[in-house]
Amino acid sequence: MIFKRKIFGLRPPLAIFIISMLILSLSGYLIIHLTLMKNLSEDGKFITVKTETFRFNFPRNWYAYPLYENETLCLIYLVNAESDSVAIILYYKSWKQIFSLIKGNNLTDNLSIAISEVNRFFIILRERSQNATLHFIENGTILISGYNASYTIFNIQRAFTTNEGTYNITGVFISLLMANNGLFKIVFYTWKDEFWEDRYKTFKLEMLDSLVIKYGVK
Amino acid sequence: MGLNEKINLSVLLHIFIGGFVCFGVIFVSKGLGLVWMFIGWLLKSTDCIGALIFKEAQIGYYLITLGLIYLPSGFLSGLYAGHKIKDNLKVNLIFPGIIGFIFSALLEYFYVGPKADYLMELLIPILVISAGTYLGGYTINWHAEEKLEEEKISLLFKGED
């Protein structure tokens, strides 16, 4: 009696390998797809992210690093679909941390926090690009989930250099310090200056306006 | 005694080369980002890339890397090792995949730093690579097992005659 020793015409180990590879890849993709479906907005264009304290939407075709959240901090890092802009939300939950940040840098209000952070960002860039220069374009207030936040729009000339050339950065830094809800730092910037207006409009309409702050700090 | 030493050295050499094959595949597919480029393209094309913000989606991405990086790297190293080493496959096929993974993990440790999750970053990939190595090794040696069965059957019939 001769036993058939092939699966789909292939040697069994090879068949098992191919089937295993397909199962792992397809199940992985299915999990990603189902996760997306579970967190999609009603119109299907945005992903809704909910944390303990806030929720917001961002376009589903933006790349998102995994959300990081612990007892003191929440960090969200996004790259837009064109891969030329970055949006970061940093939320401090711990008053001890917020207090040391404010006192350590002699900060007095939302605007001073925003300006201080832009300066810090500029110093980091200048370590690699000695000719970089910082310009503050506009300061003001902006409503975030009904709260008055301060913003500063900045431009850094010759911010960094790659093989393709030298890039300028234009961005906005928003700071919102709340008595009961911690400190929000939101930054959005692009290294394609020519598209700044368009990118900022997309960011404001599709992400910033959807930010809803829910609960107080524990 | 001298001939046995030569055979053992030869087996060791092929095990290490098999390990290098495994390391090479992991380096090209993970280190150079080839698999991520493919997955990124696929997720962007289907507008799913934003889902990676969630932990559940990260698990899905992890399963894909197991299927497209670790399993094939083990399989290819097993193909080589199985082709070159014919004896005692059950024991000899353990090593190429593990050696390859160790090289890859060391390289990652020096460039990226230590991993936080030992189960998902070390134990599971080793198991998947080892499974791939055995599948590769036995794929290349499967016809030998078929021939052995056929010889047994023909001997049986000759004996009856």
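Okay, quick definition before I start: when I say buried I mean under 20% relative accessible area, exposed means over 50%, and partly exposed is in between, with a 1.4 Å probe and protein chains only as cover. The other one you'll need is that helices (H or I, at least four residues) and strands (E, at least two) are DSSP runs, numbered from the N terminus.

Now the ground rules. This is a predicted model, where local features need pLDDT of at least 70 and side-chain atom pairs count only at pLDDT 80 or more, while totals for chains, interfaces and linings use all residues. Residues are numbered from 1 along each chain as its sequence is written, chains are lettered from A and ligands numbered from 1 in the order in which they are written, and side-chain values use heavy atoms, with hydrogens and water left out.

Let's take chain B. It has six helices and zero strands, so to speak α-α-α-α-α-α from the N terminus on. Of its 161 residues, 42% are buried. Contact here means heavy atoms within 4.5 Å, and if you take the contacts in chain B with a separation of 6 or more, 79% come from residues 24 or more positions apart. The chain exposes about 9,200 Å², with carbon and sulfur atoms supplying 71% of that; those areas are Shrake-Rupley with a 1.4 Å probe, and for residues only the protein chains shown count as cover.

Zoom in on helix H2 of chain B, residues 34-45. Which of its residues are buried? Val35(B), Ile39(B), Gly40(B) and Leu43(B). They cover an arc of only 130 degrees around the axis, so they sit on the same side of H2(B); the arc is taken from the directions from the helix axis to the C-beta atoms. Turned away from that buried side, the face of H2(B) carries Met37(B) and Trp41(B), both exposed. Just after the helix, Asp47(B) takes a positive phi of about 55 degrees.

Over to chain A, and strands. I call two strands paired if DSSP finds at least two bridges between them. Start with S2(A), residues 54-59: five of its six residues are buried, so the strand is largely enclosed by the rest of the structure. On one pairing, S1(A), residues 46-50, runs antiparallel to S2(A) over five bridges, with Phe46(A) partnered by Pro59(A), and a hairpin links the two strands through three residues. S2(A) also has two bridges to S11(A), residues 212-213, again antiparallel, and there Arg55(A) stands opposite Val212(A).

S7(A), residues 133-144, and S8(A), residues 147-162, pair antiparallel over 11 bridges, and Leu134(A) has Ile156(A) as its bridge partner. Their hairpin has two residues between the strands, and Ser145(A) in the turn has a positive phi of about 50 degrees. S8(A) then pairs antiparallel with S9(A), residues 165-178, over 10 bridges, Asn155(A) standing opposite Thr170(A). That hairpin has two residues between its strands too.

Last, the interface. How many residues does each chain bring to the contact? Chain B gives 35 and chain A gives 39. Between them the chains bury about 3,200 Å², 74% of it on carbon and sulfur atoms; buried area is the accessible area (1.4 Å probe) that two parts lose on being put together, summed over both. On the chain B side, Ile53(B), Phe54(B) and Trp142(B) supply 20% of the area buried against chain A, more than any other three residues.

Definitions and conventions: Expected span 1.5 Å × (residues − 1).
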